[in-house]
Amino acid sequence: MMKRVTVIFLSAAVLSYGAVLHAGEIEFLKSMNGSWRGNGTVKIRVNSLPLNISCKFTSGATDTSLTLAGKCTGFMGLSRAIGADIRTNGSTYTGSYVGAGTGIAGVNGKRSGNAIKLAIRWAKDVNGDRSARMTIEKIGSDGMRLTTVDTDPRTGKSVSPAR
């Protein structure tokens, strides 16, 4: 069964390893397991117009990790691989993300409710710096939303593409 995903990227990241987890964390990770597809938008740079994309990926979850692997396709068949390898140790998540086109980015953060909130450290400068934020959120029983937010270097305001 294909599940739905809403993808909202500004530029591009995802997850890491764990030891002692309580049952709620294990159940949460395993609820993210499966095949996902959905539509969203991406902005290549903070000052560019949002582009419509369609994404398809699979996720694998264990008691201590989450992996995502897939592809997003946009206008005229342009596509980009996306992926993440995230592990958890207690309430801390760390790992790597690929999708911005700058190489492997590092991620780290914590879970808050039904969302994993991560800081991104890009492999190279994106929009004038190497940091952004990503949220991987479980929506209901069969949905997931990926959102990446960056800061506009001119205004200092957070920028996320329109839904």
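**View 1. G109 is a buried glycine in strand β7**. With a relative accessibility of 14%, G109 counts as buried; here buried means under 20% relative accessible area, exposed over 50%, and partly exposed in between (1.4 Å probe, protein chains only). This is a predicted model, with residues numbered from 1 along each chain as its sequence is written. Local features need pLDDT of at least 70, side-chain atom pairs count only at pLDDT 80 or more, totals for chains, interfaces and linings use all residues, and side-chain values use heavy atoms, with hydrogens and water left out. Strand β7 covers residues 105-112; helices (H or I, at least four residues) and strands (E, at least two) are DSSP runs, numbered from the N terminus. Setting aside neighbours within four places in sequence, G109 has contacts (heavy atoms within 4.5 Å) with S91, T92, Y93, K117 and L118. The C-alpha atoms of G109 and T92 are 5.9 Å apart, although 17 residues separate the two along the chain.

**View 2. E25 and R111 join helix α1 to strand β7**. A salt bridge is a side-chain nitrogen of Lys or Arg within 4 Å of a carboxyl oxygen of Asp or Glu, and the structure holds three of them. In the one between E25 and R111, the closest N and O atoms are 3.0 Å apart. Because E25 sits in helix α1 (residues 23-31) and R111 in strand β7, the pair ties together parts that are 86 residues apart in sequence. E25 is buried at 9% relative accessibility, while R111 is partly exposed at 24%.

**View 3. K30 and D63 link helix α1 to a loop**. The closest N and O atoms of this salt bridge are 3.1 Å apart.

**View 4. One disulfide joins C55 to C72**. A disulfide is a pair of cysteine sulfur atoms within 2.5 Å, and here the S to S distance is 2.0 Å. The torsion about the S-S bond is about 110 degrees, so the disulfide is right-handed. It links C55 in strand β3 (residues 51-61) with C72 in strand β4, 17 residues apart. Both cysteines are buried.

**View 5. Strand β10 pairs with β9 and with β11**. Eight of the nine residues of β10 (residues 143-151) are buried, so the strand is largely enclosed by the rest of the structure. Two strands pair if DSSP finds at least two bridges between them. Strand β9 (residues 129-139) runs antiparallel to β10 and is joined to it by seven bridges; R133, for instance, has V149 as its bridge partner. Three residues lie between these strands in their hairpin, and G140 in the turn has a positive phi of about 60 degrees. On to β11 (residues 158-159), which is antiparallel to β10 and joined to it by two bridges: D150 stands opposite V159. This hairpin has six residues between the strands, and G156 takes a positive phi near 80 degrees. The side chains of R145 and E137 also meet in a salt bridge (3.1 Å, N to O), with E137 partly exposed at 25%.
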